[in-house]
Amino acid sequence: MTRQVLILGAGLAGLAAAGPLAARGFHVRLVESRNRTGGRASSFTDATTGQLIDACQHVSMGCCTNFAHFCAQAGIAHLVAPQRRLYFMTPDGRVSSFGADPLPAPLHLTRSFLTAHYLTFAEKTAIARGLAALRFTSSEDDRPFRDWLIQHRQPPRTVDRFWGLVLVSALNEEADRIGLKYARKVFVDGFLKHPRGFQVEVPTVPLGQLYGAELDAWLARNRITLSLNQAVRRIEVRDQRVACIELRSGEQVSPDWVISALPFQRLLELLPEVVIEQHACFANLRHLQTSPITSVHLWYDRPICRWPHLVLIDGLGQWLFQRGETAPGEHYIQIVVSASRRFRGLGHEEVQRRIVAELRSLLGHSAQLLRARVVTEHQATFSVVPGVDRWRPSQKTPIANLFLAGDWTATGWPATMESAVRSGYLAAEELLAQTGHPVRLLQPDL
Ligand SMILES: Cc1cc2nc3c(=O)[nH]c(=O)nc-3n(C[C@H](O)[C@H](O)[C@H](O)COP(=O)(O)OP(=O)(O)OC[C@H]3O[C@@H](n4cnc5c(N)ncnc54)[C@H](O)[C@@H]3O)c2cc1C
């Protein structure tokens with residue numbers, strides 16, 4: 001008898017859960033409310049050129065081993081390019097580049113760090129002292145990171161130009177709002193543990209293609225049924241089991257197992273209130289907070305930047321990504337601003353004006369801006385505030401045939417594509433264990 005698994009949501013978590021189950025003979029159906037897969041890692045179609053444009057640039061890092069495994073399994077790993085150097089620019093236009101030397105971690109980045117022009121020797125000494133202390137801090141200590149910075153006497157400029165600079169992009173949150181646990185994870189996993197951990201990886205095709213057409217062959221090979229434009233309307237629970245999933249089309253499905261890979265806000269809307277009240281793992285989701293990300297898309301009549309990307313120190317923009325000539329005579333640049341609460345109430349035109357002015361002053365270019373678009377994702381990711389893990393549920397739930405996936409579940413990672421893939425693998429592991437086929441899907445760290 002075929003065993004039916006219904007996966008709700010075809011973001012990375014849902015896709016990652018689908019693969020290993022389908023490969024083990026389960027009949028897997030993914031139901032997705034939108035007309036595309038990939039969830040938050042998505043593109044939109046540019047009305048002017050008809051091209052796919054990423055709603056926001058997504059990058060991975062060398063330490064994201066499960067994401068890398070998913071890409072390899074799905075046959076898309078060749079479409080993600082590692083950046084061997086990182087470029088940092090200060091408002092005076094000076095650039096320092098960061099690259100690994102052939103030395104064991106954590107010495108691999110020492111030379112780049114010592115030659116960085118945007119930190120004084122005293123600041124570098126304070127940071128080195130801080131990094132050494134961080135390494136020996138318990139990985140479970142999740143007090144406010146700002147308290148830790150004070151305790152370890154980190155000067156304010158090291159927070160602006162190092163700690164906060166790295167963390168705001170990695171965690172999508174301001175340094176004074178986050179907990180120590182995930183701050184530590186970023187620096188230890190990303191910079192101190194392995195020479196490849198810090199390496200930023202950038203997709204070479206739009207996300208809409210990477211997690212769209214490029215996955216067709218993998219979905220077909222694994223016989224995964226994909227139902228797009230099929231929103232879940234209701235999750236019916238009876239006797240502590242999911243009895244039925246009702247879709248907005250009216251279709252009712254009663255699968256053997258359900259994996260919810262929905263955003264946590266949506267799950268709270270779809271589960272019966274009585275079930276939420278009965279089980280802390282669902283009720284706790286109401287404590288999760290979110291943080292916004294803004295991306296500014298700019299098309300110029302000529303190239304304005306000679307670096308593939310830039311981390312902008314003391315800038316309004318945080319990362320600049322150079323996407324090249326995407327249409328004849330159109331050179332596309334994307335600026336990303338994480339934890340973009342400071343833009344609240346400004347309006348997109350004003351945000352665009354400020355970013356455009358900043359780029360002119362920084363890069364000293366005289367190119368003409370042809371088009372622009374500002375996109376803000378207000379609930380981009382959950383916030384890694386101190387103690388956040390007590391609100392994140394495990395993939396196994398008290399509802400016997402319901403499992404959870406999503407970057408917000410208990411993965412030990414902040415809200416990233418890596419966390420989404422981990423959650424999918426963990427949900428599949430739980431389901432397989434329940435059916436008497438325990439298997440380890442989670443990939444080892446670097
Ligand atoms: C602007 C932005 C920038 C980011 N940058 C990065 C980055 O650089 N690097 C990184 O690693 N991560 C980044 N992230 C985070 C990353 O996108 C997420 O962690 C990851 O995509 C989450 O995947 P998921 O499958 O858990 O959730 P989602 O992608 O949210 O998937 C949930 C799916 O459920 C579907 N759904 C919702 N309601 C229903 C319903 N009723 N019925 C059926 N389906 C439904 C949704 O349409 C969606 O496809 C960024 C996120 C944003 C928003």
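**Charged pairs and cysteines**

Arg-234 is partly exposed, at 34% relative accessibility. Keep in mind that this is a predicted model. What does the side chain of Arg-234 meet in a salt bridge? The partner is Glu-246, and the N to O distance is 3.1 Å. Now look at where the two residues sit. Arg-234 belongs to strand E11, which covers residues 232–238. Glu-246 belongs to strand E12, which covers residues 241–247. Glu-246 itself is buried, with a relative accessibility of 10%.

Move on to strand E18, residues 330–338, where Glu-330 lies. Which residue does Glu-330 pair with? Its salt-bridge partner is Arg-371, with the closest N and O atoms 2.7 Å apart. Arg-371 lies in strand E19, residues 369–382. The pair is 41 residues apart and links distant parts of the chain. Are Glu-330 and Arg-371 buried or exposed? Both are buried.

Some salt bridges share partners. One network of this kind joins six residues by name: Lys-185, Asp-189, Lys-193, Glu-418, Arg-422 and Asp-445. Take one of its links, the salt bridge between Lys-193 and Asp-189. The closest N and O atoms of this pair are 3.4 Å apart. Lys-193 is partly exposed, with a relative accessible area of 40%. Asp-189 is buried, with a relative accessible area of 10%. How many salt bridges are there by this rule? The count comes to 28.

Now turn to the cysteines. A disulfide is a covalent bond that joins the sulfur atoms of two cysteines. How many disulfides does the structure hold? The number is zero. Cys-63 and Cys-64 show the reasoning. For Cys-63, the closest cysteine sulfur is that of Cys-64, 4.5 Å away. A disulfide requires two cysteine sulfur atoms within 2.5 Å, so the sulfur atoms of Cys-63 and Cys-64 are too far apart for a bond. Cys-63 is buried, at 8% relative accessibility. Cys-64 is in no disulfide either, and its nearest cysteine sulfur is that of Cys-63. Cys-64 is also buried, with a relative accessible area of 9%.

Conventions
Residues numbered from 1 in each chain as written. Predicted model: local features only at pLDDT ≥ 70, side-chain atom pairs only at ≥ 80, totals over all residues. Heavy atoms only, no water. Salt bridge = Lys/Arg side-chain N within 4 Å of Asp/Glu carboxyl O. Buried < 20%, exposed > 50% of the residue type's maximum accessible area, 1.4 Å probe, protein only. Helix = DSSP H or I, 4+ residues; strand = E, 2+ residues; numbered from the N terminus.
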